[in-house]
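Hi everyone, thanks for coming along. Let me put the structure up and then walk you through a few of its parts.

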Amino acid sequence: MNQSCHNFNPEINFLSELSPTEISWDQHRSMAEDLAVLYNRNIKFGKYADRINGCSGYLKFGVDADQGKLVLKEVWFCRCRYCTVCQWRRTLKMRAMMYQNIDKIIQSHPTHRWVFLTLTVKNPHVSDTRQTLKEMNAGWQRMVQSKRFKGVVDGFIRTTEITRPEKKSERMNVHPHFHAMLLVKSTYFNRDYINQVEWTDMWIKAMRLDYYPQVDIRAVKPNPRKTVDENKSKLHGAVLETFKYSIKPFDMLAYDDSGEWLHEITTQTHKMRFIATGGVLRGILKSDDEITNEDMIHITDDDLERSKDNGERIGFSYMAQYRRYVYNPKLNEYAEP
Ligand SMILES: [Zn+2]
C-alpha cells in the first residue's frame, strides 16, 4: 500500500508536497541529522552535532506572485564545513558565481580556451590527510611556477575534493584530489599543447613522486559546429565537476564505523582552504568564509531580485519524525498594509 503520512494525518502539510522542487531541503536536512548523530558518537565532536542540529530548523518563504512560486527568504545556517545542508547551499552558490564569471571571462579573453585537469596522489590513511594536502598544495605551487605551466596557462581555479575508497581494506583511507579549470592561451591546442603524459610528468616532478599518479586532462574545446549555448553547456559541465561537495555525504555516513572516519577528517582538514585561484582569475570567487548567510539563501541575482517583496512569509519547520519540512503557520508573517 503506497500511502504517505499525509493520508494518515490531514493536519500535516509537507513542503515537498506543496512545492515538489523543494524536496532537496528534506533530503539534505535529513542527512544532516544523520551526520549529527555520528558527530555525537564522540564527545569531542559534540559541538559540531549541536550546531548541525540547529541548522536550517525552519525555512521562511515569500511568494513570487508572477510565477506563483515559493522564494526562500530566511534560514539559519550552522556553517559547519561538512554539514550536508551548508555544503549543498555553498556549492550551489559557488557554481552560480562561476557561471556569472565565466561569461565575463569569455568576453575579456575571447580567444582563450579552457582545460579541465584532475590531479591525484596515492591514497593515504585518513590520519595523514593534512600532511598529504599540504604536500599537494606545495606541489601545486611548484607546478604553477614552472616555465612550462606559466607559458600556457593564464589563470586557474582549483578545488580540493576528498573521497573515500570503496575497497574494504581502504575504508580508513582517503582519496584526495585537485580539480582545476585552467584558462589557457589560444595557442594551447596547436603550438603549446601539453598532452596527458606531459601533464603527469609535470605533476610527478612538482610533487617529487617516485610513482605514477592518476592525472586526467580534458579539453573544454568549443566545437565550431555547435551553438554558443551548446558550447557553454560543456563549460558548465566542467564547473559542475570542479565545484562538488568537498566530501560527499555518502562517504561520511557510510560503512557504520561510528563516525571514526568523519571525526578524523574533520580534525585533519580544520581551517584548511579548499579553493585556490591564480593568474588572471585570482580572487574571482569569494572564499568559503566570505560566503554569507544571505548568499546561501539567494543563490542567484535573480533570487535576490525577487527577494524585494511585501514581507509576507510562509513558514516550515523540519520535523525529525517525518524527516521532512512541515508547514508551520506559527512562523508566518503577513504583508505590511
Ligand atoms: Zn549547516
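The C-alpha centres of domain 1 and domain 2 are 31 Å apart. Domain 1 covers 1–95 + 291–337 and domain 2 covers 110–279, with bounds that come from an automatic or database domain assignment. Where they touch, 15 residues come from domain 1 and 14 residues from domain 2; contact here is two residues whose C-beta atoms, placed from the backbone, lie within 7 Å. On the domain 1 side, α3 (23–39) and α5 (84–108) each give at least two residues. That side divides into 8 nonpolar, 4 polar and 3 charged residues. For those classes, Ala, Val, Leu, Ile, Met, Phe, Trp, Tyr, Cys and Pro are nonpolar, Asp, Glu, Lys and Arg are charged, and the others, Gly among them, are polar.

Two quick notes before I go on. This is a predicted model, where local features need pLDDT of at least 70 and side-chain atom pairs count only at pLDDT 80 or more, while totals for chains, interfaces and linings use all residues. Residues are numbered from 1 along each chain as its sequence is written. Helices (H or I, at least four residues) and strands (E, at least two) are DSSP runs, numbered from the N terminus.

Now the sheet. It is open and antiparallel, with 5 strands in the order β6-β3-β5-β4-β7; strands pair if DSSP finds at least two bridges between them. β6 (215–220) and β7 (275–279) are at the edges with a single partner strand each, so one side of each has no neighbour in the sheet. From one strand to the next the twist averages 15°. β3 (residues 113–120) and β5 (residues 175–184) pair over 8 bridges, and F116 has M181 in β5 as its bridge partner.

Which helix lies across β4, β5 and β7? That is α6 (residues 129–144), running at about 20° to β5. Axes are lines fitted to C-alpha atoms, for helices over the stretch in contact, and angles run from 0 to 180 degrees between N-to-C directions.

Last stop, α4 (residues 46–54), where Y48, A49 and I52 are buried. Down the axis of α4, the buried residues fall within an arc of 100°, so they line one face of the helix; the arc is that of the directions from the helix axis to the C-beta atoms. The face turned away from the buried side carries the exposed residues K47 and G54. Buried takes 20 or more other C-beta atoms within 10 Å of a residue's own, exposed 12 or fewer, and partly exposed is in between, with C-beta atoms placed from the backbone. The cover over the buried residues of α4 includes α3 and α11 (260–268). Just after α4, S56 has a positive phi of about 45°.
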